[in-house]
Amino acid sequence: MMHWIIAPVLLPAMMAAIIVLAARFHETLQRIFSVASLVATLAIAIGLYIQASDGTVTIYQLGNWQAPFGIVLVADRLATTMVLLTAVLALPVLIYAIGSGWDRRGQHFHALFQFQIMGIMGAFLTGDAFNLFVFFEVLLIASYGLMVHSGGATRTRAGVQYMLYNLLGSTLFLFALGTLYAQAGTLNMADLAQRVAAANVENSAGLRVAAVLLLLVFAIKAALLPLHFWLPSSYAEAPAPVAALFAIMTKVGAYGIIRVYTMIFPPSLPLMSGAHEEWLLPLALITLAIGMIGVLGTREIGRLVAFSVIGSMGMLLASVAQFTPAGISAALYYALHSTLATAALFLVVDVIRERRGSVAGELTAALPMAGGALVAGLFFIASIAMTGLPPLSGFLGKLLILEAAEGGALMGWVWAVVLGSSLVAVVGFSRAGSTIFWKPHQLAVEQCGSVDDPEDAQGAREIHDPTGGNQPLPMLAIGVLVSLLVALTVFAGPVTRQLDATAAQLFAPQPYISTVLETPGKEIEKHGDDHADPHETNAGGHELPADESHEPGTEATTDDALGGQ
């Protein structure tokens, strides 16, 4: 059994408990434990990704109970890609929180941060729908605490709004799981895929309801319009490192849509006929348009980045809604890009707010800030990436999405909205950049010209510098995220080839299903059955003929399955 699969879940959970119980009043120890945990998690995530990069699907059975009755974690290409992305994002974000002192502004920051990582990792690795719900709740409970970290009436109000919307999503999730279990009798994803595929279309109303409810749940998490209202205030008011970490939270919703609607409810299924083109794609395009209009209309730079998150999720889901290998591959590339770009922007915004004093993040001219050139450079690069201007990864991601839309039912609409919204985003970010970094110099020159005393003129030219401009760790963390964006652009070829293989694996799920259901483990025996079963049964309880019995291993590859067809 591959025990490393559970490490990204278990390690942050144990570290959070250790921090709370043993290092509660030792700030330095908390920081050391937290950073060490994330470094180890990153190393494990790299190892899992390398193992899955050849198409290997690996399973971990908790308690050695065989699926579908036991809890399983599954590491395939998609899951390990998202786990690696989370680990790559979390480490610089934590370094920023330590360097900027955000972790000192409230209790239990590091413990909550670790619980958040645990929930996100579990959501990506779990192999059954109920535990997806459990991990959703874990990451949401931790995110509630992080949202209101350091207090404040505005932040608390935004946190309550965030909590209420997500409680609504959790309630719908429970209804969806109940309906799904009533109809299919299982919540294991691999088992569900088999049972839903074999269901009678004429008696599948319950499955349709469950599919729609699940889509609503994931749409709330992914901030799909009209279920996006919780995001702008929540992300804009959250502490900067928390907002940066939340960049992966919306991707959990997108991950749920990709996983469930390629394996359990694929587009080829009669009961899902037309759902993606008629509902998901139009809503994604409207979400993209509304998000970018919000970028143009807002008067606060934190909300500007928050609305760009909504726009980027619309862009990502417009590609997912194609439900083709090319569309999913493009969506995954854009997910990597937008997660890093969003996190970098939220951290840059925090630096801007700190260095502009009372003006903070308002889009009005103020005196120049300390280290303005470096901050402007980082904001400039991250903005280029987010708006999709060449040559960075945002531009490549949009090209892939446009290419994936060719031949689709709404190709014209996809091209028009993607290109039009990009133009709007460029205008919005340009306006914000010129207001924050260009106009302050004009303002300083005007003030110098109106002062007669040379000494007063010198004072008028002084930049606002509440922090002394000496914050090496925060700038290092932002620099790492920006460097990752550049690396994603430089290595776009190898990355897209891996993502193409990931999408191909999603559309050929049989190795995933057989690995989960046929890996041997402890089975639940019938009460009073003292006789050995002469036939081998699979995990779904279906009897297999003796001559077709399979002695499964713990691993299978997509290539094996394709070769056997």
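In which strand is the place of Val72? Val72 belongs to strand β2, which covers residues 72-75. Good morning. Please keep in mind throughout that what we are looking at is a predicted model.

Let us stay with Val72 for a moment. Is this residue buried or exposed? Its relative accessibility is 0%, and because buried means under 20%, Val72 counts as buried. The contacts of Val72 give a picture of its surroundings. Leaving aside residues up to four places away in sequence, Val72 touches Ile59, Tyr60, Gln61, Ala67, Leu125, Thr126, Gly127, Asp128, Asn188 and Val516. Val72 and Gln61 are 11 residues apart along the chain, yet their C-alpha atoms are separated by 4.6 Å.

Gln61 leads us to another strand. Strand β1 runs over residues 56-61, and Thr56 has its place there. With a relative accessibility of 7%, Thr56 also counts as buried, because the limit for that word is under 20%. The side chain of Thr56 has a polar partner: it makes a polar contact of 2.7 Å with the side chain of Asp54.

I now turn to a helix. Ser393 lies in helix α16, which comprises residues 393-405. Ser393 counts as buried, since its relative accessibility is 0%. Which side chain does the side chain of Ser393 meet in a polar contact? The partner is His337, at 2.9 Å.

Finally, a word on confidence. The chain has an average pLDDT of 84, and 87% of the residues score at least 70. Two stretches call for caution. Over residues 458-462 the pLDDT is below 50, and this stretch has six contacts in the model beyond near neighbours in sequence. Residues 529-565 likewise have a pLDDT below 50, and that stretch has 52 contacts in the model beyond near neighbours in sequence.

Thank you for your attention.

Note on methods:
Residues are numbered from 1 along each chain as its sequence is written. This is a predicted model: local features need pLDDT of at least 70, side-chain atom pairs count only at pLDDT 80 or more; totals for chains, interfaces and linings use all residues. Side-chain values use heavy atoms; hydrogens and water are left out. Helices (H or I, at least four residues) and strands (E, at least two) are DSSP runs, numbered from the N terminus. Buried means under 20% relative accessible area, exposed over 50%, partly exposed in between (1.4 Å probe, protein chains only). A polar contact is a pair of N or O atoms within 3.5 Å; within protein, one must be able to donate a hydrogen and the other to accept it, and residues adjacent in sequence count only if both atoms are side-chain atoms. pLDDT is the predictor's confidence in each residue, from 0 to 100. Contact means heavy atoms within 4.5 Å.
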